[in-house]
Amino acid sequence: MIKVRFAPSPTGVPHIGNTRTALFNFLFAKKNKGKFILRIEDTDRKRFVKEAEKAIYEILEWLGLSWDEKFVQSERLSIYRQYAQILKKRGAVYESDGALKFKMPKKGETKWIDAIGQKEISFKNETQEDFVILKSDGYPTYNFANVVDDCLMGITHVIRGEEFVSSTPKHVQLYKIFRWNQPVFAHLPVILGKDKGKLSKREGAKSALEYRDEGYIREAVLNYMALVGWTPPDGQEQMSIEKMIELFDLKDVNSANPIFDTQKLEWFNGAWIRTIKDLKKRLVDFYQKDKKVKNILNSDKSEIWVNAAKSRMKILKDFKKLVDAKKQRKYSKKEKERAKKLLELLDKKLGEDWEGEKLLLTIKDFSVKERISFAEIYFFMTGKEQGIGILELNKIYGKEFFIKNLKDNG
RNA sequence: GCCGCCAUCGUCUAGUGGUCUAGGACGUCACGUUCUCAACGUGAAGAUCGCGGGUUCGACUCCCGCUGGCGGUACCA
């Protein structure tokens, strides 16, 4: 049985890069009909942040990366102490300033085959130093708790960030001394920012939750995250989580550091907004606290709005701009004159009820005869440079909306 | 400094010795469609495959060196 784990440390809200590690673990588990375990590694008491732990759950839940089992390391202290005791009996550790240190071998080398790139990684043991397994406060270190737990929980594949490569020799030696089966290691290249440096706050250093609050939808976030460093064999990029599970393979994960591309994430979001069937519901959920937008979504015009907005949104936040009826700027003198002229024409031609197609034809006619671009006409009819179509606006607001804008008292 | 990993269009990448005058996607630009803006469609620009040596009849693909980037070097994970 394949078993993997996502083992975040609740010292801060995990950013999108860390969350991608969870995704890859999840995909790998599902692909192999295995188990996905969540393990909170909270052995650093000084840096522990309660909010961060909550955020981890919230992120995984929002994305639908549900775990089969969950463990919290701070609840397992006696286990680590017990295993430290075993090492003590074997003379593999020694005390130093109240901490327990593991003796690393100083000859030979430590190596393993990494599943990313299918390559051997080896370290000369002479470069390795003894390391603390039990801190003086009684808590285990990452290096120790991690290995003990991975073994006890039956983890078969350790899929984690590349930042752990250099501590892997420690883990390998621990497996050796315990005579435990070593899992397969897969170290994912860390995601970089636009400047090839660390992910900055305005790029992917945001958490999935922040993206969610900006109006990104889970399908897009999941889809883009998967594609940072992984390419499906068929090259088809937009895909559901089910499709990702079907196609995922560690051998297709690239071993170079990818750069996070916010623009592509945005594009995916737009593409997914146009794909999902329950856009209205997503908008309702998103605008829970926005009374104005909420009213529109609850009105009998909501379908028209949603359908018209669908192709004009990249993120859910864009809906509010579309829906906003406020005039963008004042009209120029020339625009006012033209507006007046158009209004007179519409009055004459359309009568009491402004029928959509007829309205449009009249405007087109006006546009051609007066040699005024439709963009300009759209502007002084709606007060905005761009937005949903005249036909839709007519259905939503009726002629009063256009008349008000054409009269322009502002 | 030392240790490890990596290196194809601006970005994500395909490519596993000849099919590559290097393919796709995002972005950019143009055109088309069109009631504005989008969306959509078509096309274009964009990579001397980091550099230098090998190996080979032949290298983006294999080997070595260099350079550069990243990661690690904690009683953090």
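Into which domains is chain A divided by the domain assignment? Chain A is assigned domain 1 (3–72 + 191–262), domain 2 (76–188), domain 3 (277–321) and domain 4 (333–407), the bounds being taken from an automatic or database domain assignment. The structure is a predicted model, in which local features need pLDDT of at least 70 and side-chain atom pairs count only at pLDDT 80 or more, whereas totals for chains, interfaces and linings use all residues. Residues are numbered from 1 along each chain as its sequence is written, while chains are lettered from A and ligands numbered from 1 in the order in which they are written.

The centres of domain 1 and domain 2, taken over C-alpha atoms, are separated by 24 Å. Across the boundary, 19 residues of domain 1 are in contact with 23 residues of domain 2, a contact being defined by C-beta atoms, placed from the backbone, that lie within 7 Å. On the side of domain 1 that touches domain 2, at least two residues each are supplied by strand 1 (3–6), helix 1 (16–31) and strand 2 (35–40). Helices (H or I, at least four residues) and strands (E, at least two) are DSSP runs, numbered from the N terminus. Helix 1 provides the largest share of this side, 4 residues. By residue class, the side of domain 1 that touches domain 2 consists of 8 nonpolar, 5 polar and 6 charged residues. In this classification Ala, Val, Leu, Ile, Met, Phe, Trp, Tyr, Cys and Pro count as nonpolar, Asp, Glu, Lys and Arg as charged, and the others, Gly among them, as polar.

Strand 1 and strand 2 run parallel and are joined by 4 bridges, where pairing requires that DSSP find at least two bridges between two strands. Within this pair, Val-4 stands opposite Phe-36, and Phe-6 opposite Leu-38. The chain passes from strand 1 through helix 1 to strand 2 in a right-handed β-α-β crossover; a crossover is right-handed if, with the strands pointing away from the viewer, the path from the first strand over the helix to the second runs clockwise. Strand 2 also pairs in the parallel sense with strand 3 (residues 69–72), over 4 bridges, and Lys-70 in strand 3 is the bridge partner of Leu-38. A right-handed β-α-β unit is likewise made by strand 2, helix 2 and strand 3. A residue is buried if 20 or more other C-beta atoms lie within 10 Å of its own, exposed if 12 or fewer, and partly exposed in between, with C-beta atoms placed from the backbone.

Helix 7 (residues 218–227) is also largely enclosed by the rest of the structure, because 9 of its 10 residues are buried. Among the buried residues of helix 7 are Glu-219, Val-221, Asn-223 and Tyr-224. Their cover includes helix 1, helix 2 (50–63), helix 6 (208–214), helix 8 (241–247) and helix 9 (262–275). Just after helix 7, Gly-229 adopts a positive phi of about 100°.

Strand 6 (109–114) and strand 7 (119–124) pair in the antiparallel sense over 6 bridges, with Ile-121 in strand 7 as the bridge partner of Trp-112. These strands form a hairpin with 4 residues between them, and Gly-117 in the turn has a positive phi of about 85°. Gln-118, in the loop between strand 6 and strand 7, has a positive phi of about 45° although it is not a glycine. Gln-118 counts as exposed because it has 10 C-beta neighbours inside 10 Å.

Around RNA strand B there are 59 residues, of which Ser-9, Asp-97, Tyr-142, Ala-256 and Gly-389 come nearest; a residue is near a molecule or strand if its C-beta atom, placed from the backbone, lies within 6 Å of it. Two or more residues of this surface come from each of strand 7, helix 9, helix 16 (374–382) and helix 17 (390–397), and helix 9 gives the most, with 4 residues. The surface near RNA strand B comprises 22 nonpolar, 21 polar and 16 charged residues.

Ile-377 lies in helix 16 and is buried, with 21 other C-beta atoms within 10 Å. Leaving aside neighbours within four places in sequence, Ile-377 is in contact with Leu-342, Ile-363, Ser-367 and Ile-372. Arg-371, in the loop between helix 15 (356–370) and helix 16, is exposed, with 7 other C-beta atoms within 10 Å. Arg-371 has a positive phi of about 55° although it is not a glycine.

Key
Two residues are in contact if their C-beta atoms, placed from the backbone, lie within 7 Å.
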